[in-house]
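Colleague: I've just opened this one and I'm new to it. Could you walk me through how to read its features?

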Amino acid sequence: MIEYIHGDLFKTDIQIIVHGCNCLGGFGAGIAYHVANNYPEAKSEYVKLCKSFSDKPEKLLGTFQTVQSKDKIIINAFTQLTYGGPGRKVSYDAMTTIFENLDQKYAGKEIALPKIGSDLGGGSWDILS
């Protein structure tokens, strides 16, 4: 069930924050930019993982990376293969897989997330939610 709350994602009491990422190592725009500023460990772990998959980034699509960072668990969700430019970058199939796996791993826990993929990812939140 989705409950919409307006405010600062990083000031919530919810311990798990999920945000969408690309599979190429770009972590400098949108929510990722703010994650990097608030939780630099999440960015450094993300960059390491992307480098290890640099010859096959598509293998990351539909997966997520869990990073314990300060007082939060940051989930780097690989929702899009590429980034930048016009058109839809977010993969609806990847989002479905990620949400199913998050639901299994964190069943019964609150998860805070922005409208992943609906801004820079070019997707429709009506479809994604």
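This is a predicted model: local features need pLDDT of at least 70, side-chain atom pairs count only at pLDDT 80 or more; totals for chains, interfaces and linings use all residues.

Colleague: How many aromatic pairs does the structure hold?

Modeller: The structure holds three aromatic pairs. A pair of aromatic rings is described by the distance of the centres and the angle of the planes. Take F10 and Y39: their ring centres sit 6.1 Å apart with the planes at 40°, so this pair is tilted. F10 lies in the segment before β1 and Y39 in the loop between α1 and α2, 29 residues apart, so to read it plainly, the pair links distant parts of the chain. Both F10 and Y39 are buried.

Colleague: And the rings of F27 and Y46, how far apart are their centres?

Modeller: Those centres are 4.6 Å apart, and with planes at 40° the pair is tilted. This pair, too, links distant parts of the chain: F27 is in the loop between β1 and α1, Y46 is in helix α2, and 19 residues separate them. F27 is buried, as is Y46. Together with F78, F27 and Y46 make up one aromatic cluster.

Colleague: Where does F78 sit among the strands?

Modeller: F78 is in β3, where it stands opposite C21. Strands β1 (residues 16-22) and β3 (residues 72-80) pair in the parallel sense, over seven bridges. β1 has a link to β4 (residues 111-112) as well: two bridges join them, and they run parallel. There, I16 has I111 in β4 as its bridge partner.

Colleague: Is β1 largely enclosed or open, and why?

Modeller: Six of the seven residues of β1 are buried, so this strand is largely enclosed by the rest of the structure.

Colleague: Now the helices. How do I read two of them packed together?

Modeller: Two packed helices are described by the angle between their axes and the distance between the axes. Here the axes of α1 (residues 30-38) and α2 (residues 40-52) come within 5 Å and cross at roughly 115°. Angles of 65 to 115 degrees count as roughly perpendicular, and α1 and α2 are therefore roughly perpendicular to each other.

Colleague: Which residues meet there?

Modeller: From α1 you have V35, A36, N37 and N38, and they meet P40, A42 and K43 in α2. Sorted by class, this contact of α1 with α2 has four nonpolar, two polar and one charged residues.

Key:
Residues are numbered from 1 along each chain as its sequence is written. Side-chain values use heavy atoms; hydrogens and water are left out. Axes are lines fitted to C-alpha atoms, for helices over the stretch in contact, and angles run from 0 to 180 degrees between N-to-C directions. Helices (H or I, at least four residues) and strands (E, at least two) are DSSP runs, numbered from the N terminus. Angles under 35 degrees count as roughly parallel, over 145 as roughly antiparallel, 65 to 115 as roughly perpendicular and the rest as oblique. Contact means heavy atoms within 4.5 Å. Ala, Val, Leu, Ile, Met, Phe, Trp, Tyr, Cys and Pro count as nonpolar, Asp, Glu, Lys and Arg as charged, and the others, Gly among them, as polar. Buried means under 20% relative accessible area, exposed over 50%, partly exposed in between (1.4 Å probe, protein chains only). Two strands pair if DSSP finds at least two bridges between them. Rings of Phe, Tyr and Trp (its six-membered ring) pair if their centres lie within 6.5 Å; planes under 30 degrees apart count as stacked, over 60 as edge-to-face and the rest as tilted.
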